[in-house]
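Thanks for coming. I will go through one structure today, starting with its pockets and ending with a helix.

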Amino acid sequence: MVQDGERVLFSTSPEYFQAAKAELLDVYAGNQTGPVSVQRLGPDLGRLSGPGVRIGHLARVCEDRPVAFVKHLTAERAELPLSAVGDLDAAVDHVQRVAAEVDADKLAVQSWVSGQNPASYGSAELARRCMAALTGMGKTTGRANMPKTLSLCLTRAGLSIGLASAAEQLSDWPGGRTRLARSDDQISRAEFKLEEAFQTFGIRPPSSGTALDLGASPGGWTRVLRRSGITVWAIDPGDLDDRLRRDRGVRHIQMTAGAFFRSEHRRFDMVVNDMKMDPELSCRLMLDAAQLLRPSALAVVTLKLSGHRSVKVVRECLDLLRQRYRVRAARQLHHNRHEVTVVAECR
């Protein structure tokens, strides 16, 4: 505990660490109980500490505000120097001591490395050994889907051990690093972005009705939507993958989104947009799309960032979308690069 506050470890993209830091400090701007601070522990790992810092409150703020550049949270229970955990047996022993104080019979164990691994063992080996040791203590263990998770992060300084509930973590993957398997029929790697959004935010397309895929070519997001059973109108002057052209549940409209909006008047049940364009223009396109959506229709859009003024750009884009949508989530996901994925509902 730090001055009646917790030390919370957060994960972010290395390129957007400063953006995540700015967002977190803004959460506690004007904190009446004292200043909070952010320390960088690794390329994609930081520590937030100070009076009033609580992981439960912070997790709710990250989702409600939303905080876009933080992927994963855990409350730090121990910080061990490399000299104390250079040996795998010693590291497992320290993890056991922390776990013994956790009031939970079921624990997920997740391990990862931020930066170059300074230890003689890998994160996967550390997780396996710790799970075996905790099982020997009478605890039920797994890699995910448990009420609480022990997070083990190796940095060049040593080992940080964190604990969080499923609701507090923001992501049920080590450090928010979602790993999705490539399928044989995958059209493009962009599919991972939509699949991760569905998994992270607990959303699914409606199983019936019709969705719009703006800028669909070559059709990766269309393919993901079709797996749910929804009919897709793929809007793009470019070509679609041959398999989608043969799919009777896909209608390819070979025109720009703007031209389509001017010519179409029917209502749709969902819209997705992964177009490579300025984020403000992309959001204005989504405002135009709203006129064709049913109330509460789901919308997913990626905001393409340049790396400059990222926090300000995302906030301005969310304010723009709120003219016609209720923003449900906005986060830079693991499969995003210089992007933030936004999930919203049409008003």
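Which helices and strands each supply at least two residues of the lining of the largest pocket? Before I answer, please keep in mind that this is a predicted model.

The elements are helix H7, residues 191-201, strand S9, residues 210-214, and helix H8, residues 220-226. The space in this largest pocket comes to about 500 Å³. It is lined by 25 residues, and those closest to its centre are Arg189, Ala190, Lys193, Asp274 and Lys276. By type, the lining divides into nine charged, nine polar and seven nonpolar residues.

Now the second largest pocket, which holds about 290 Å³ of space. Here there are 18 lining residues, with Glu63, Leu170, Thr200, Phe201 and Arg331 the closest to the centre. Four elements each give at least two residues to this lining: helix H2 (55-64), helix H6 (166-169), H7 and strand S14 (325-331). S14 provides the largest share, four residues. The lining of this second largest pocket is made up of 11 nonpolar, four charged and three polar residues.

Where does Glu264 lie? It sits in the loop between helix H10, residues 257-263, and strand S12, residues 268-273. Is Glu264 buried or exposed? Its relative accessible area is 15%, and buried means under 20%, so Glu264 counts as buried. What does its side chain make a polar contact with? The partner is the side chain of Arg266, at 2.9 Å. Leaving aside residues up to four places away in sequence, Glu264 also touches Trp233 and Leu292.

Last, helix H11, which runs over residues 279-290.

The N-terminal end of H11 is capped by Asp278. One of the side-chain oxygens of Asp278 lies 3.0 Å from the backbone nitrogen of Glu280.

As for burial, the buried residues in H11 are Pro279, Ser282, Cys283, Leu285, Met286, Leu287, Ala289 and Ala290. When you look at that list, recall that an α-helix has 3.6 residues a turn, so residues three or four places apart point the same way.

That is where I will stop.

Notes
Residues numbered from 1 in each chain as written. Predicted model: local features only at pLDDT ≥ 70, side-chain atom pairs only at ≥ 80, totals over all residues. Heavy atoms only, no water. 1 Å grid on protein atoms, 1.4 Å probe; cavity = no way out; pocket = protein on both sides within 12 Å on 5 of 7 lines; lining within 4 Å. Points joined across faces, edges and corners; volume = space filled by probe spheres on them. Nonpolar A, V, L, I, M, F, W, Y, C, P; charged D, E, K, R; others polar. Buried < 20%, exposed > 50% of the residue type's maximum accessible area, 1.4 Å probe, protein only. Polar contact = N/O pair within 3.5 Å; in protein donor to acceptor, adjacent residues only side chain to side chain. Contact = heavy atoms within 4.5 Å. Expected span 1.5 Å × (residues − 1).
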